[in-house]
Amino acid sequence: MINFYFFPFTFMDARQAKILSCFFNRLNVLDIHGGAALPEPMAGLEAKGVLTRVCIDKEKLALTEQQVRAYLDWAAIHKGNEKNLRALIRENVFFKDDSSVAAIRSGIRNRTVSHDPDATTVGEGNEALVFLKLADIHDRQSQTIQSALDALDQEKAALFAELKGDADTPLSVEHTQSPEPGRSMTEKRITAWLTAALDSECFNQGGIPVLVTTSSAVMDAFLTGAGKAINALDIDSIKVHENGCAFIEQQHFKIETIIAQMAQGLTPDLEDDYFEGAEQGFVTGRIQIRLFPELRCVNLTKKNPGGQIGVCLVELNS
């Protein structure tokens, strides 16, 4: 049995949802939002019961939310550096002694929930969740900023077209590709996600866990730092089908079969129709698979008795 996990992100945008749907029709998603809606076609898969949310303990999630708010509040007060914070405290005499620079720095150093003297110390699992929450905020804000910049470019192009008298000509404005979120603190993302997943007993489903990513930076991190792979596959141009295509479920089954054969130490049986039409207008993608007996970045031995874990990169070719 192969179990697929969206990895190492908690925010799934429309681009990622489209890529994943072309390769897989069942998926597990680590949910740190308490049931927030997923973009299509993932929402449709969830409605069919083939997309499973791995939920976090509510108390841990509440504690995480509290610490994230404390960090954001501290950042708003801090305004960039200690010098700014000292100036702010001097200008605002209503600050209490326990809100001084020393107290705040001590609170951060002691990994407390906030700079309140009665704050609760959190463990490693919650530290991972805090990081994932902050990374999630970063990813969402980055996408919002990029969308706003694209809209501004569209308005600018429309204005120039009107000034030039080309207002009736259809505008062709290329949307800027958003920075790949996996390139931001890659190793920390990987370790935090795995830590939170283990803490939530994410891998207690039996079978072989396969971590599915849409980030080439994440796969590169595994290739350089996760240990020696026992089996590998890299296909630059494999024919895939978009959501709604009559052949998509058959293609999903074939991809799962490839990974299952690799997990058994077999050479995957790659049929000709994987590649037929790859240069004739069909949607094509890249799939890169590595199977590891263990990972250096986290100990999965107790949770995964077989000791085998897969990492799979999927991308669509432009």
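Helices (H or I, at least four residues) and strands (E, at least two) are DSSP runs, numbered from the N terminus. In this protein there are 9 helices and 7 strands. The structure is a predicted model, in which local features need pLDDT of at least 70 and side-chain atom pairs count only at pLDDT 80 or more, while totals for chains, interfaces and linings use all residues. Residues are numbered from 1 along each chain as its sequence is written, and side-chain values use heavy atoms, with hydrogens and water left out.

**Overall packing**

- Of the 318 residues, 43% count as buried, where buried means under 20% relative accessible area, exposed over 50% and partly exposed in between (1.4 Å probe, protein chains only).
- Among contacts (heavy atoms within 4.5 Å) with a separation of 6 or more, 73% join residues 24 or more positions apart.

**Nonpolar cores**

- A nonpolar core is a set of buried Ala, Val, Leu, Ile, Met, Phe, Trp, Tyr and Cys residues joined through side-chain atoms within 4.5 Å.
- The largest such core has 34 residues, and Phe-23, Phe-24, Met-42, Ile-287 and Val-314 have the most contacts inside it.
- A second, separate core comprises 30 residues, including Phe-131, Ala-192, Met-219 and Ala-221.

**Helix α1 and Phe-23**

- Helix α1 (residues 14-23) is largely enclosed by the rest of the structure, because 7 of its 10 residues are buried.
- The buried residues of α1 are Gln-16, Ala-17, Ile-19, Leu-20, Ser-21, Cys-22 and Phe-23.
- Not counting residues up to four places away in sequence, Phe-23 touches Ile-238, Val-240, His-252, Ile-255, Gly-285, Arg-286, Ile-287, Val-314, Glu-315 and Leu-316.

**Helix α8 and Val-218**

- In helix α8 (residues 216-225), the buried residues are Ser-216, Ala-217, Val-218, Met-219, Ala-221 and Phe-222.
- These buried residues of α8 pack against α7 (186-199), β4 (208-213), β6 and β7 (309-316).
- Val-218 lies in α8 and counts as buried because its relative accessibility is 0%.
- Leaving aside neighbours within four places in sequence, Val-218 is in contact with Phe-7, Pro-8, Gly-182, Thr-186, Ile-190 and Thr-213.
- Val-218 and Ile-190 are 28 residues apart along the chain, and their C-alpha atoms are separated by 7.6 Å.

- A cavity is, on a 1 Å grid over the protein atoms alone, a set of points where a 1.4 Å probe fits but cannot get out, and lining residues have an atom within 4 Å of a point.
- Pro-8, Phe-9, Thr-10, Leu-132, Ala-135, Asp-136, Asp-139 and Arg-189 line the second largest cavity.
- Helix α6 (residues 124-163) gives the most to this lining, with 4 residues.
- Asp-139 is found in helix α6 and counts as buried because its relative accessibility is 8%.
- Beyond neighbours within four places in sequence, Asp-139 is in contact with Phe-9, Phe-11, Pro-181 and Arg-189.

**Val-283**

- Val-283 is found in the loop between α9 (248-263) and β6 (284-292), and at 25% relative accessibility Val-283 counts as partly exposed.
- Val-283 and Val-240 are 43 residues apart in sequence and 5.7 Å apart in space, C-alpha to C-alpha.

Technical notes: 1 Å grid on protein atoms, 1.4 Å probe; cavity = no way out; pocket = protein on both sides within 12 Å on 5 of 7 lines; lining within 4 Å.
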